[in-house]
Amino acid sequence: MNKLLSCRYNMDTNRVEARFEGGTTLAIDCIAVEDEYGNTPAQRAELDWLLYHKPLEYAQLVLGGEIEHYLSLGCDHGRMED
């Protein structure tokens with residue numbers, strides 16, 4: 001696959017739209033990712049945080065098969081503040 005150049009989250013379609021070198025585009029279905037990997041409220045919150053704040057990293061994790069490992073690290077970006 002070519003180099004991933006850019007990504008953006010499209011909230012109307014709930015997809016991350018990725019553009020690669022050479023003009024190829026790909027849409028990642030975020031509902032499918034959340035259904036597969038968002039087993040807890042904390043994991044779902046982390047996935048949402050990535051979508052809104054770092055869609056490029058989200059796409060890289062999903063496409064690289066690293067999303068499950070990332071979520072297992074217990075990141076707390078999506079955690080609600082008291």
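A crossing of two helices is called left-handed if the near helix is turned anticlockwise from the far one by less than a right angle, and right-handed if it is turned clockwise. Please keep that in mind while we look at this model, which is a predicted one.

Let me start with helix α1, residues 30–37, and helix α2, residues 41–53. Two packed helices are described by the angle between their axes and the distance between the axes. For α1 and α2 the angle is about 150 degrees, and the axes lie 10 Å apart. Angles over 145 degrees count as roughly antiparallel, and α1 and α2 are therefore roughly antiparallel to each other. Coming back to the definition I opened with, the crossing of α1 and α2 is right-handed.

Which residues of α1 and α2 meet? On the α1 side they are C30, V33, E34, D35 and Y37, and on the α2 side they are Q43, R44, L47, D48 and L51. Sorted by class, this contact of α1 with α2 has five nonpolar residues, one polar residue and four charged residues.

Q43 lies in α2, and with a relative accessibility of 18% it counts as buried, because the cut-off for buried is under 20%. If we leave aside residues up to four places away in sequence, Q43 touches Y37, G38 and L71.

From α2 the contact uses L47, L50, L51 and H53, while α3 brings P55, Y58 and L61. In this contact of α2 with α3, six residues are nonpolar, one is polar and none is charged.

Finally, a word on the cysteines. A disulfide is a covalent bond between the sulfur atoms of two cysteines. How many disulfides does the structure hold? It holds zero. C7 is in no disulfide, and the nearest cysteine sulfur to it, that of C30, is 10 Å away. C30, likewise, is in no disulfide, its nearest cysteine sulfur being that of C7. Are these cysteines buried or exposed? C7 counts as buried at 16% relative accessibility, and C30 is also buried, with a relative accessible area of 3%.

Technical notes: Residues are numbered from 1 along each chain as its sequence is written. This is a predicted model: local features need pLDDT of at least 70, side-chain atom pairs count only at pLDDT 80 or more; totals for chains, interfaces and linings use all residues. Side-chain values use heavy atoms; hydrogens and water are left out. Helices (H or I, at least four residues) and strands (E, at least two) are DSSP runs, numbered from the N terminus. Buried means under 20% relative accessible area, exposed over 50%, partly exposed in between (1.4 Å probe, protein chains only). Contact means heavy atoms within 4.5 Å. A disulfide is a pair of cysteine sulfur atoms within 2.5 Å. Ala, Val, Leu, Ile, Met, Phe, Trp, Tyr, Cys and Pro count as nonpolar, Asp, Glu, Lys and Arg as charged, and the others, Gly among them, as polar. Axes are lines fitted to C-alpha atoms, for helices over the stretch in contact, and angles run from 0 to 180 degrees between N-to-C directions. Angles under 35 degrees count as roughly parallel, over 145 as roughly antiparallel, 65 to 115 as roughly perpendicular and the rest as oblique.
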